[in-house]
Amino acid sequence: MATVAPATATSSTPNESNWTRPQAIALPKEGYFKLQNGRYGPLYPRTPACYGFTIIAKIKPGREDTIRAYGNTIEKAIADLPDALATLKLHYLRWVLFDIGKDTYFMYQGIFDTDFDKYTEDAVALFTKYGVNTVFENLDGFPEDWKTNVPAFVKFVREHQCPSFLEYGEYPYVTADEIKKALKLKAAFSDMLDLMQ
């Protein structure tokens, strides 16, 4: 059995080729090590958890039930069309509502395989294609013209993003497609073994 060399990655030189060893990366306050601008501002680095962001914004008064109902809408959409969000190359989404004083805030956490700019452009294109609205319409300051004004959508997301300062991956830098392929291979191998018995 081959042994795996220990990862020697540091926060400035991630070892993206060794998925067998968990990795963590501590990020500076800005969310990046070296400023590199994309189409809409700073590019955030790929981390052991892949790409992602956390958005925190105050909701419009009285919209909590609407936001919760939107969660049910997404659940049904995925049940009816499992690949509905495939364009976004998502690993995970997590939505949270919480109160600060008398105000309610929405937290959107997403982990995905594309960079920040592509993810936001793909999200706008996806919602426009299906003719659906985004849950973000229930947030204070979200642009009403977001379907035709991608820069305004991205500006809102960037203004409400809270960059993480630590990211961890149990299987670092592995894409959602690679995970699916590995699971398909595992299932096929299991089926083959069952047939051999």
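## Ground rules

Since the model is predicted, local features need pLDDT of at least 70 and side-chain atom pairs count only at pLDDT 80 or more, while totals for chains, interfaces and linings use all residues. Residues are numbered from 1 along each chain as its sequence is written, and side-chain values use heavy atoms, with hydrogens and water left out.

Helices (DSSP runs of H or I, at least four residues) and strands (DSSP runs of E, at least two) are numbered from the N terminus.

## The core

Let's start inside. The largest nonpolar core has 32 residues, and Phe53, Phe106, Phe136 and Leu139 have the most contacts inside it. Such a core is a set of buried Ala, Val, Leu, Ile, Met, Phe, Trp, Tyr and Cys residues joined through side-chain atoms within 4.5 Å. Buried means under 20% relative accessible area, exposed over 50%, and partly exposed in between (1.4 Å probe, protein chains only). Among the elements giving two or more residues to this core are β2 (51-58), α1 (64-80) and α3 (150-160), but α2 gives the most, with six.

Thr120 sits in helix α2 and counts as buried because its relative accessibility is 1%. Leaving aside residues up to four places away in sequence, Thr120 touches Phe53, Phe153, Val154 and Val157; contact here means heavy atoms within 4.5 Å.

## Salt bridges

The count comes to eight salt bridges, each a side-chain nitrogen of Lys or Arg within 4 Å of a carboxyl oxygen of Asp or Glu. One of them joins Lys58 and Asp140 (3.7 Å, N to O). Lys58 lies in strand β2 and Asp140 in the loop between α2 and α3, so this pair ties together parts 82 residues apart in sequence. Lys58 is partly exposed at 30%, and Asp140 is partly exposed at 28%.

Others stay within a helix. Glu64 and Arg68 pair at 3.3 Å between their closest N and O atoms; being four residues apart in helix α1, they are separated by about one helical turn. In helix α3, Glu159 and Lys155 are also four residues apart, with their closest N and O atoms 2.7 Å apart.

## A strand pair

Strand β1 (residues 23-26) pairs with β5 in the antiparallel sense over four bridges; pairing takes at least two DSSP bridges. Ala24 has Tyr168 as its bridge partner in β5. Tyr168 belongs to the uncovered face of β5 along with Leu166, whereas Glu167 and Gly169 make up the covered one.
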